[in-house]
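Here is a quick tour of the model, with the cut-offs spelled out as we go. Have your viewer ready.

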There are 2 protein chains.
Amino acid sequence: MDDEERELIDGRRARGTKRRAEIIDATLAVVTRDGAAGVTHRTVATQAGITTSLSTYYFATLDDLLVAALSSVADAYTARIRQIIDGPGDKLRGLAELIAESGGPGRERALAERELSTLAARRPALAPVARQWRENVAELAATLTAAPEAVAALVATSDGLCTAILIDNVPADSDYVHRVLCQALGAHRDAAATAR
Amino acid sequence: MDDEERELIDGRRARGTKRRAEIIDATLAVVTRDGAAGVTHRTVATQAGITTSLSTYYFATLDDLLVAALSSVADAYTARIRQIIDGPGDKLRGLAELIAESGGPGRERALAERELSTLAARRPALAPVARQWRENVAELAATLTAAPEAVAALVATSDGLCTAILIDNVPADSDYVHRVLCQALGAHRDAAATAR
DNA sequence: GTTCTACTTGTACTATCGTTCAAACAACTT
DNA sequence: AAGTTGTTTGAACGATAGTACAAGTAGAAC
């Protein structure tokens, strides 16, 4: 245990980063299992295998914990989509596969994200975090079309498809998702293969 | 205790329908103000100006209350969109105006609907109710196009636009919404004015 | 009148919540 | 060894939650 994580930019030591990450993971597990309403210092602590007071030691208030958890999922999602944007492959297909994950192994995370982003509607401090996903999708869309309406349509469709997949609770077909995205982009006739 | 509930179409009297409606309204007011997490028998009762026990008299459990409230908003939304489908006007424009309301006077209701439909992701009994909005939009879309992808794109876009409007918390321009819907429909080039 | 039934209230029990706090623990400095 | 600093614990306080329940009302049926 020397300079454990540091993940900070300044020369100083990173504080309880590892514990914080554990607690955030436990929080997301609770959100996945019982919903955001089930998140309490006690349930989170039990899930993490620590004491209640330790949870409050790292996150003084429940709100801090929820904000941190939402930011965490948002960051993970952001990393995924940036990978698609900067990567070499077909961007629209990459997005389709990412969305389709909401119905399979990524359902838990997608569910947590929706739950927590709904929370954001009432806490102004969380709105920027919740908006990040949309902005990243918009950036991706901007590489595929110049029409602002097409960008907006792709962003909205991506979000709506995620919602539909979550509520219908069925494994999603990434080919189908891709086709719907093409439709929204207006690429159904010509630009279906132009991605990148 | 015979045919108590039914309060429906048959000639019999409806039981505590009025009180129930009052309590549901109060519930939605609480959801609007404090979110679904703020819904308790006590807060609802205070909002409705009744005693706590009366709230439990009509809705034995908190879950019953939330289910009833969600069903209520879903019904109201359903009525609105059926009006558009069966009405004489431009259906796509009607839908655009309905969506744009989420940013203005209808924000409260849209917020409540999102909050409560998120709740549905974890309670299977609520999923059909949450799905109804999508199915109605799909029905509307089916009158405008035959392509299944276009229908799916319009439904997803409608949902995503609502979300965006709610999170961005800005009054929405129904013309803009209409243009994005046209884009998703694939009607940007030709069919922009074909609605109906 | 009495009776019955739907409705309404006040009170209370039990559980759990967020949060606090003093004390113990661990590792590293001096 | 003593001290310092960051971490962890167990116990507790006050507040609020869901729910239950016996008692009280009002009005229609008898």
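What follows covers the ground rules, some helix packing, the chain contact and the salt bridges.

## Ground rules

This is a predicted model, so local features need pLDDT of at least 70 and side-chain atom pairs count only at pLDDT 80 or more, while totals for chains, interfaces and linings use all residues. Residues are numbered from 1 along each chain as its sequence is written, chains are lettered from A and ligands numbered from 1 in the order in which they are written, and side-chain values use heavy atoms, with hydrogens and water left out.

## Helix α5 of chain A and its partners

Start with α4(A), residues 62-86, and α5(A), residues 91-100. Helices here are DSSP runs (H or I, at least four residues), numbered from the N terminus. Their axes come within 9 Å and cross at roughly 160 degrees; axes are lines fitted to C-alpha atoms over the stretch in contact, with angles from 0 to 180 degrees between N-to-C directions. On the α4(A) side, A:Arg80, A:Ile81, A:Ile84 and A:Ile85 meet A:Lys91, A:Gly94, A:Leu95 and A:Leu98 of α5(A), contact meaning heavy atoms within 4.5 Å. Sorted by class, those residues are five nonpolar, one polar and two charged (Ala, Val, Leu, Ile, Met, Phe, Trp, Tyr, Cys and Pro are nonpolar; Asp, Glu, Lys and Arg charged; the others, Gly among them, polar).

Now take α5(A) with α8(A), residues 148-168: the axes come within 9 Å and cross at roughly 30 degrees. That makes this pair roughly parallel. From α5(A), A:Leu92, A:Leu95, A:Ile99 and A:Ala100 touch A:Leu154, A:Ser158, A:Leu161, A:Cys162 and A:Ile165 in α8(A). This contact has eight nonpolar residues, one polar and no charged ones.

## Where the chains meet

Chain B puts 38 residues in contact with 39 of chain A. The buried area is about 3,200 Å², 51% of it from carbon and sulfur atoms (accessible area, 1.4 Å probe, that the two parts lose on being put together, summed over both).

## Salt bridges

The rule (a side-chain nitrogen of Lys or Arg within 4 Å of a carboxyl oxygen of Asp or Glu) gives 20 salt bridges over all chains. Six salt bridges lie across the interface of chain B and chain A. B:Glu149 and A:Arg179 pair up in a salt bridge at 2.7 Å, N to O.

Inside chain A, A:Arg19 bridges to A:Glu22, with the closest N and O atoms 2.8 Å apart. Both sit in α1(A), residues 17-34, and because they are three residues apart, about one helical turn separates A:Arg19 and A:Glu22.

Technical notes: Helix = DSSP H or I, 4+ residues; strand = E, 2+ residues; numbered from the N terminus. Parallel < 35°, antiparallel > 145°, perpendicular 65-115°, else oblique.
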